[in-house]
Amino acid sequence: MASHRRPKHPSHGYAVLTATAAVSVALSAPSASADPLPDPNKKGVQAQMDRLYEDATQATEKYNGAKETAEKLRKEADNLQEAVARKQDDLNELRRALGSAATAQYRSGGLDPSVQLLLSSDPDAFLDEAAVLDRLGSRQSEALQRFLSEQRALRQQRTQAGAKLADLQDTRKELGNRKKEIQGKLAEAQRLLNTLTAKERADIAAKEERANRSSERVELGNEASASGITAAAFQAAKTRVGMPYVWGATGPGSFDCSGLTSWAFRQAGVNLPRTSQAQAGAGTRINSLSALKPGDLVIMRTDLSHVGFYAGNGQILHSPKPGAQVRYESIARSGMPFMWGVRI
């Protein structure tokens, strides 16, 4: 069995609001009177806060998915708009060439049927007239057919670009809604925390600190069983122990759950999907916990809204929730049901 000691990390130049930090602030303030006796009605506050944090992490994965979709749609819309601009340039060039021919024919006395076709309000219908086609020279016919083809393609690309931009607008609206949902859950958890006495807050902070500090020495499995990309990603993730959970974060100084796994695999040269749900199908499924090897992904919760690294010996290395740090934790004691593993 290998043991792991959490590496010490330098101080970072930013602050992250966590439940522990809130407790520290509360405890540092002077108290004018002794703490009141514990209120029996507050026994469920911790459970309510845990549920809110779980809801926030689930909403975070939906936010991550919407953000990934928005980025994809933006790129597709940009590419389509660039294609529309290029197609318009081509069409303008064809129009200029045909216009020059029309001018020459007008000066020579009369409009050729090809010119009438160009000026027609319904060129497709005009071309359907067999008599007209018979009177067109092969070169003129090819030029006009190309013009009409380019015109139809331009209309189609404009329609596609408009649809992508509409989808992008809808997705950005969803992003805003998810963000409000997450912030609302975290604000409600903070409100509940503020209803507790200083001692109760200190107890919660101490419990969370013990969970974070448990990573200082964890008995792991045989890490030599990990190989290649998996081993490299797992080694990268281990360097992030102690970094804070921040929703929507992808490192290197803070992470949400799928942000940690996607960041670690990027260090190994692999681009994983952004969300835990997408990562759940990104490799070979391992249905048995006993068959997992260190570095395999661990998919948690029935909605697949949590992911981490299997660390061996029944442990998961993950970024669990708001107020917590990247840490090792017993899968059995995490409070989240194991669904399956994924070997990349």
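What volume does the largest pocket have? I looked that up before anything else. The largest pocket comes out at about 550 Å³. I note at once that this is a predicted model.

**Entry: confidence**

I checked pLDDT next. The mean for the protein is 81. Of its residues, 71% reach 70 or more. Residues 5-38 have pLDDT below 50. Even so, the model gives this stretch 40 contacts beyond near neighbours in sequence. Residues 129-133 also stay under 50. For them I found three contacts beyond four places in sequence. A reminder to myself: where pLDDT is low, the predicted coordinates should not be read in detail.

**Entry: overall make-up**

I counted elements. There are ten helices and eight strands in the protein. The protein has 344 residues, and 42% of them count as buried. I also looked at how far contacts reach along the sequence. Taking contacts between residues at least 6 apart, 71% join residues at least 24 apart.

**Entry: the pocket lining**

Back to the largest pocket. I listed its lining and got 24 residues. Which residues lie nearest the centre of the pocket? They are D50, E208, K321, R327 and S334. By class, I have ten charged, nine nonpolar and five polar residues in the lining.

I then sorted the lining by element. At least two residues each come from α1 (19-28), α2, α7 (198-213) and β7 (327-330). Helix α7 gives the largest share, with six residues.

**Entry: T60**

I picked a residue in helix α2, which covers residues 45-107. T60 sits in this helix. Is T60 buried or exposed? I read a relative accessible area of 1% for T60, so it is buried, the cut-off being under 20%. Then I asked which residues T60 touches beyond its neighbours within four places in sequence. The contacts are I182, Y245, W247, G248 and D256.

**Entry: strands around β4**

I followed strand β4, residues 297-300.

Which strands pair with β4? One is β5, residues 306-312, in the antiparallel sense over four bridges. M300 has H306 of β5 as its bridge partner. Another is β8, residues 338-343, also antiparallel and over four bridges. Here V298 is bridged to G341 of β8.

I went on from β8. Strand β3, residues 284-286, is joined to β8 by three bridges and runs antiparallel to it. R285 stands opposite V342 of β8.

The background is simple: most residues other than glycine have a negative phi, and most peptide bonds are trans.

R301 goes against this for phi. Its value is positive, near 70 degrees, and the residue is not a glycine. Where is R301 placed? I found it in the loop between β4 and β5. That hairpin has five residues between its strands. R301 has 6% relative accessibility, so it counts as buried.

N313 is another case, with a positive phi of about 55 degrees and no glycine to account for it. I located N313 in the loop between β5 and β6 (315-318). At 43% relative accessibility N313 counts as partly exposed, because that value falls between the 20% and 50% cut-offs.

One peptide bond also went into the notebook. From G251 to P252 the bond is cis, with omega near 0 degrees. P252 belongs to the loop between α8 (228-238) and α9 (257-267).

Key: Residues numbered from 1 in each chain as written. Predicted model: local features only at pLDDT ≥ 70, side-chain atom pairs only at ≥ 80, totals over all residues. Heavy atoms only, no water. pLDDT = per-residue confidence, 0-100. Contact = heavy atoms within 4.5 Å. Buried < 20%, exposed > 50% of the residue type's maximum accessible area, 1.4 Å probe, protein only. 1 Å grid on protein atoms, 1.4 Å probe; cavity = no way out; pocket = protein on both sides within 12 Å on 5 of 7 lines; lining within 4 Å. Points joined across faces, edges and corners; volume = space filled by probe spheres on them. Nonpolar A, V, L, I, M, F, W, Y, C, P; charged D, E, K, R; others polar. Pairing = 2+ DSSP bridges.
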